[in-house]
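Student: I would like to understand the words used for this model. Could we take them one at a time and check each against its definition?

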Amino acid sequence: MQQWVAEIVYDSPSGPKKMVESFYMPSVNDVRDIVAQKGGYLLSVRPHERSPLERLLARSSWWQVQLLRGIQFRSAATSPGVALWRIIQAETNPMRQNIMAPAREALSRGMGVIDALRALRIFDHGTIAILAASERANKLVEGIPHAIHSITQKRKNTRVLAGTMSWLGIDVVMIVQSLFWGKGMVLEWFRGNAPTAPDELESYLRVVDNLELTWNVLIYISFASGAFLAWTIFSFWLNKGKIDWPTARVVRKIPLIGAYLRDLGFADSMVAASRMLRGLVPIGDALKQSSEATTVPEVSAYWTEASTELERGVMLGAALDRKPLTRNERLELASLSDLAQVATVLESIAEMRSGSAKTKHSIIVWAAFGLTGVFLAIAFGSAIYALTVMNMSMDSMMGGLMQGI
C-alpha cells in the first residue's frame, strides 16, 4: 500500500474541472480504476513524497507520543479509529495535514486504526507491534502507554549514544583538523632542516617518513569513520519504518551492534506476543504477528519457523525451542506444559533481553570511549614524537654551528 497523488479532470455543467486528489492504493492501476469509477479522467499520478522538513517532524518521537496520547484521551468516549479520525479532522497545520493524509485515506477506505498508523510510516516496528498486539486483544487503549514507554526509552538510549558520540567526535575532529592542516608545514620544516651528517641524515629521514605515515593513517581512518557514521545515520533516518535495506545489513554484521539490535528485536516481539496471548488471541495468529514486530530478519525468521512447526503439529514448547535463543531461554520454553504459562515465560525472556540490550548499550558507549582514547593517545604520541624529531634537527643544527665556530 502506498499513497499516490493524482491530477484528475471531472466533467461539470460549467465545463471540465481539474482537481488534485490523494489515494492510498497498492498500485497505479488501482488508482486508475477508482478514478474511472468516480467518472473522472486521470491526467497524471505520482507517489507521494514528503519534504525533508515533513520527514523530520513526522519521525520525531515527541510528535509520535503526542499523537498516541491524543488517541488515548479521545478513546475514552469513542473507538480508537474514530478518535484518530477526529484528530485528523481537527488538524489545521498544512504540513501536519499532509503527514496525516495516508491515515485519512486508510480510514476513509474502511481500514482499521493500526493500518492507518502503519500507513503513516512514522513508527518503528516495535511500537507498531505493541499497538497491534493490544488491538488484537481488544485492549488498544491499555497498550498505548506501553508503546509510549517504548518510544521514550528508545529516545533516551538514542540521546545517550548521540551525546557520547558527539562529544567524542568533537575531540577527534579537533585533533584531526590540527593534523590535516599542520602536517604539511611541519613535515616541510623537518625536511628543510635535516642534519647534514650522512649517518644522522638516514636515521632522521626514516623517522620523518614514519611520522608522515602515522599522520596519514590517522587522517584516513578518521575521514573514513566519519563518512561511514554520517552515511549510517542518514540512511537509518531516511529508511525508518522499512523492514530491511543495505545499510541495516552492514550494521548488523558489526558483532556487538548486531547482538544489541537482536536483543531489542526479541524484547519487542516477545512483549507483543505475550500481550496477544493474554488477550486470548489464537497462538498461530500471535506468532505470525510477532514475526512482523521487528526489522531484524533473524528474529523474524525465528517466529516464522516456530509458526510453521506449530502448523505441522509440533508442541508449542518444542516449536519455540530453537536458535537464536540462549540455552537458558530454550530450557524455559522446552519445559512448557500449559498454554497459560507461555505469556509469563515470554515476558520473562523479554525482560532478560531488554536487560541484555541495556548492558550491550553501555558496552558500546564505553567501547567508543576506549577506541577514541586509543586514537587520541596515538595522535598525542605522534605529536610528542614530532617534538623529538625537532630536537634531533635542532641538535644537528647546533652541532654544525659549534663546529663552524
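Student: Why is glutamate 7 called partly exposed?

Tutor: Its relative accessible area is 28%. Buried means under 20%, exposed over 50%, and partly exposed in between, with a 1.4 Å probe and protein chains only. The 28% of glutamate 7 falls in between, so it is partly exposed. Before we go on, this is a predicted model: local features need pLDDT of at least 70, side-chain atom pairs count only at pLDDT 80 or more, and totals for chains, interfaces and linings use all residues. Residues are numbered from 1 along each chain as its sequence is written, and side-chain values use heavy atoms, with hydrogens and water left out.

Student: What makes lysine 18 and glutamate 7 a salt bridge?

Tutor: A salt bridge needs a side-chain nitrogen of Lys or Arg within 4 Å of a carboxyl oxygen of Asp or Glu. Here the N to O distance is 3.5 Å, so the pair qualifies. Lysine 18 sits in strand β2 (residues 17-25) and glutamate 7 in strand β1 (residues 2-10); strands are DSSP runs of E with at least two residues, helices are runs of H or I with at least four, and both are numbered from the N terminus. Lysine 18 is exposed, with a relative accessible area of 57%.

Student: Which residue forms a salt bridge with aspartate 263?

Tutor: That is lysine 360, with the closest N and O atoms 2.9 Å apart. Aspartate 263 is in helix α11 and lysine 360 in helix α16 (residues 340-404), so the bridge ties together parts that are 97 residues apart in sequence. Asp263 and Lys360 also belong to a network of salt bridges with Glu329 and Arg353.

Student: Why do both partners, aspartate 263 and lysine 360, count as buried?

Tutor: Aspartate 263 has a relative accessible area of 4%, and lysine 360 has 19%. Each value is under 20%, so both are buried.

Student: What is aspartate 263 in contact with, leaving aside its neighbours within four places in sequence?

Tutor: Contact means heavy atoms within 4.5 Å, and the partners are Arg353, Ser356, Ala357 and Lys360.

Student: What are the values for tyrosine 302 and tryptophan 303?

Tutor: Their ring centres are 5.2 Å apart and the planes lie at 80°, so that pair is edge-to-face too. Phe266, Tyr302 and Trp303 form one aromatic cluster.

Student: How do you know that the charged end of arginine 104 sits over the ring of tryptophan 85?

Tutor: The test asks for NZ of Lys or CZ of Arg within 6 Å of the ring centre and within 35 degrees of the ring normal. For arginine 104, the distance to the centre of the tryptophan 85 ring is 6.0 Å.

Student: Finally, is tryptophan 181 buried or exposed?

Tutor: Its relative accessibility is 64%, over the 50% cut-off, so tryptophan 181 counts as exposed. This residue is found in helix α8 (residues 140-192).

Technical notes
Rings of Phe, Tyr and Trp (its six-membered ring) pair if their centres lie within 6.5 Å; planes under 30 degrees apart count as stacked, over 60 as edge-to-face and the rest as tilted.
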